[in-house]
Amino acid sequence: MSVVDSHWTALPRLQLVLGGLTFGLVALVTMAPVFVVIFGAVEANVWHEAFIENPINRSAIGYSFLLALRAPIAAFIGFLIAWLLIRVRIPGGRLLEFAMWVTFFIPLLPVTLSWILLLHPRYGIINKALMSLPFVHSPPFNINSVGGILWVHIAASSVPVMVIVLGPAIRQLDVSFEEVARVCGSGPIAVFRHITLPILAPAILTGAVAGFIKSLEAFEVEQLLGRPVGIFVYSTRIYDLASWEPPNFKAAMALSSFMLIVLLAIAVTYQRLTERNEYATILGRGANFRQFTIGRPRWAISAALFLVVAISLFFPLFMLVCGSFMKLFGFFNIATPFTTDNWRDVLGDPAFLSSLINSLVLSGGAGLGGALIYSIIAYLLVRSSLPGRRIVDLLAWLPWCIPGILFGLSMLWLILASPILSFLYGSIISLIVIMIVAQLPIGVQMMKVSIRQIAVELEQSSRICGGGPMRTFFSIVLPLIQPILVSIFVIVFISALRDISTIIFLASAKSQTLSLLMMQFATSSNLEASAVLGVITTAIVVVVALLARRFGLQVTAQR
Amino acid sequence: MSALTNSNAAQPSPEPVLRVRNLSKIYRGARAVDSVSFDVYAGTVLTLLGPSGCGKSTTLRLIAGLEQPDAGEIWIHGRLVASAARNVMLPPEQRRVGLVFQSYAVWPHMTVTANIGYPLKLRRVDRNVVASKVSEMIRLVKLEGLGDRMPAELSGGQQQRVALARALVYEPELLLLDEPLSNLDSALRKEMCTQLKDIQTRLATTVVYVTHDQEEAMSLSNFIAVMNHGVVEQLGSPDRVYEQPATVFVRDFVGRTIRLRGVIEGNADRVRVRIGNQVIRTAGVDPDTFSSGVAVEVSMRPEDVKLVKEQDRSSNCIAGHISELSYYGDRFEFTVRIEGTDEQVAISADKRQHASVGDRVLLSIDETHLKIWPL
């Protein structure tokens with residue numbers, strides 16, 4: 001009889017204290033934004049002022065939800081692409097999949113810059129090219145619009161994310177479901193419509209809901225493209241309110257309290273959906289996976305997918321590099337449009353070097369610290385019998401639905417309000433902490449999955465041989481989950497490197513990062529310098545992604 | 001049940017290596033282990049034998065410290081390691097026991113040498129001593145030349161031996177084995193069983209062995225505790241458990257049994273049982289226990305029943321007809337229907353037997369090995 005009992009031993013007092021401390025800390029940092037919002041918004045008339053008297057706030061909420069509609073669209077397109085990539089044997093399939101990964105990792109800001117270069121109403125290359133046609137008299141595209149913002153998100157991030165998120169669900173689908181239908185007499189398209197799509201519909205729906213929640217926290221694209229023409233979303237409006245002199249925290253908190261209620265409501269729905277979805281994937285756990293081999297059309301499919309990757313990755317990157325060498329961003333028709341001055345200026349700027357160092361310290365610190373902290377929390381959640389496990393499990397998931405900008409803002413509030421924390425003000429440590437907290441949900445989740453996969457006997461053997469719980473954790477558990485530690489390090493590293501909205505309130509001149517410097521250049525119309533930083537940041541991301549792939553990064557299977 | 005190891009077990013040492021008293025563990029309201037008590041003396045093997053879910057593995061896990069008892073106490077070498085009443089619960093690492101899991105649990109990220117050496121490293125043993133002890137262990141379990149292999153490169157039997165070496169290397173006071181052979185194929189199981197016994201005798205290790213396989217239990221142990229529904233039904237030497245089963249469960253679980261229903265026929269000196277229209281004699285059954293006319297069940301081991309020809313008829317025979325017959329190469333398996341009843345008896349017979357379905361046969365019963373159970 002093998003009774004797998006997670007509470008397999010009574011914890012000595014020291015571990016009880018340490019474990020309790022860890023749980024308490026998790027509860028504290030995850031609940032902080034909620035408390036701050038509640039305290040901040042509790043004043044009378046704030047809601048009235050925030051929503052009735054201020055039409056910009058109302059429209060910000062409206063635009064946020066309008067723009068979040070990209071999630072269902074991207075879920076559908078992403079599903080089609082993922083299905084083709086995974087289930088059909090097409091030329092260059094592996095390269096395409098890796099390209100999706102790189103696209104997923106690349107920061108949004110540089111990509112936005114290159115789309116400005118292409119679709120700007122005044123100097124966008126595509127607009128100009130089309131206007132040279134005899135019957136086009138006004139620029140057909142405008143990047144500074146709802147359509148422009150949607151386009152950048154869908155092409156550069158939403159679709160690749162969906163491809164990656166939906167991949168595992170498609171892989172887990174037992175092919176025999178489809179084969180039975182074929183034997184019963186359905187054609188391949190009927191099978192897709194009647195069997196594949198309905199079985200995977202819950203997965204697509206959960207993907208869409210998750211994407212919807214994540215969309216509501218988008219910041220830099222909206223700031224760069226929407227703000228100049230008066231299109232505000234929740235996060236850019238919060239940024240605006242809080243960076244006034246003096247900052248209007250009350251209005252920001254009122255706005256946040258509304259968003260928080262909506263987000264939590266959607267998040268609870270999402271939790272319900274995933275619970276049901278887990279059941280569906282267990283049913284289909286056949287590992288019976290086969291690719292279709294088809295004739296000619298595979299070339300057409302491959303070409304179409306390469307076009308998608310070209311639009312979302314190669315083309316923007318190429319334009320970004322071009323932009324970084326331009327005298328005047330977007331103006332190709334002046335006498336000598338290209339120069340290396342931008343690179344010389346940026347690389348010679350002392351702010352660049354300090355930002356680079358700050359970025360690497362932040363990303364490395366958050367990656368290392370995160371990997372260790374998440375593994376401890378996940379281990380306690382999975383294996384210990386500590387009281388309050390279930391609550392902490394739920395709380396560890398909370399940051400997932402809280403927008404980064406709100407996290408940053410509440411952390412700033414806490415630092416300013418409490419004398420104990422004031423030493424953190426503007427320090428790189430505060431940035432590292434906030435990034436670790438922001439990535440807590442995905443880190444702990446991935447860790448939990450991988451710790452559950454370790455047979456508990458491996459740990460029990462070590463205990464019986466004479467190794468205490470700590471010793472067992474460090475010499476048995478950690479080495480066994482080492483591949484996932486690498487994956488989590490990479491994810492947190494890259495997230496911290498590209499993050500803007502979470503850290504923007506917390507950074508000072510001395511803790512300025514590459515991403516923030518890039519944002520600062522971009523919003524102060526120094527798009528050339530911003531493009532230079534964009535190229536550098538992208539290069540770092542690609543190198544890290546390649547290295548991680550080398551060292552056996554297996555994120556695909558885990559997400 | 002508080003049957004302790006019986007007196008012929010008494011080793012010179014008065015103090016048992018393991019003492020378990022009234023041990024209980026409750027899972028979701030059900031008593032997985034129900035007031036179990038036994039002692040294990042130095043150098044002996046006690047086997048917990050029973051079907052899956054009988055509580056044998058849970059008992060072992062309680063001893064190892066992987067579960068906390070809800071009642072009862074456990075002493076190892078006179079040291080109280082767990083007591084529900086006194087709120088004592090030593091963690092596994094402080095109990096100085098060794099454990100081999102059914103799944104081996106050989107750490108996949110360490111070589112064979114590192115796996116075996118790990119317990120010594122924990123004890124901060126000098127590196128040279130570790131090396132020599134590990135190679136001694138590797139020789140003992142016959143894994144010479146495989147020290148640098150990773151577990152994934154080993155067969156199931158080899159991993160098994162790594163797990164055993166790892167559990168023995170630090171000379172634990174008590175070795176716990178949780179169905180260690182059940183994942184091996186049957187030929188390998190026999191071989192490992194012999195090796196295990198050999199190693200146990202050579203090191204004079206004290207062992208608690210958990211299995212559902214009675215052959216393993218018979219060949220390895222000095223004592224067997226047959227468990228069912230969390231309770232020890234009988235505790236005794238292998239031959240005693242086999243020959244003198246204390247309960248119906250033990251009788252049917254350990255070994256094969258032939259059972260026939262009948263009625264007691266009164267007789268002053270010997271108990272006779274009428275089966276259909278035939279009567280068989282018993283020996284060694286106290287006539288006072290059963291009164292005439294009582295319905296009973298007669299049980300015997302298949303090896304105590306012989307198929308005989310009419311001319312070889314002995315005094316204690318019962319007749320029947322062959323209703324089924326299967327050929328197994330080395331033997332025949334017959335199903336015999338006893339005359340005048342619906343009772344069927346399955347027995348095996350010599351391969352040179354020439355019988356066919358429908359033949360009338362006689363079953364000669366060894367009266368001394370016959371047992372009578374009230375219905």
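## Chain B as a whole

Let's begin with how much of chain B is tucked away: of its 375 residues, 38% are buried. Please keep in mind that this is a predicted model.

Chain B contains 8 helices and 21 strands. Along the principal axes, its C-alpha atoms fill a box of roughly 75 × 50 × 40 Å. If you take the contacts in chain B between residues at least 6 apart in sequence, 65% of them join residues at least 24 apart.

## A sheet of five strands

Now look for an open sheet in chain B, built from 5 strands in the order E16-E20-E17-E18-E19 with antiparallel pairing. Which strands stand at the edges? They are E16 (305-308) and E19 (344-350) of chain B; each has a single partner strand, so one side of each is left without a neighbour in the sheet. On average, neighbouring strands of this sheet are turned by 45° against each other, direction ignored.

Strand E17 (residues 317-327) of chain B runs antiparallel to strand E20 (residues 360-365) of chain B, and 5 bridges join them.

## Confidence in chain A

Chain A has a mean pLDDT of 84, and 91% of its residues reach 70 or more. Over residues 279-287 of chain A, however, the pLDDT is below 50, and this stretch has 10 contacts in the model beyond near neighbours in sequence.

Residues 554-559 of chain A also have pLDDT under 50. For them, the model has 14 contacts beyond four places in sequence.

Key
Residues numbered from 1 in each chain as written. Chains lettered and ligands numbered in written order. Predicted model: local features only at pLDDT ≥ 70, side-chain atom pairs only at ≥ 80, totals over all residues. Pairing = 2+ DSSP bridges. Helix = DSSP H or I, 4+ residues; strand = E, 2+ residues; numbered from the N terminus. Axes fitted to C-alpha atoms, helices over the stretch in contact; angles between N-to-C directions. Buried ≥ 20, exposed ≤ 12 C-beta atoms within 10 Å, placed from the backbone. Contact = placed C-beta atoms within 7 Å. pLDDT = per-residue confidence, 0-100.
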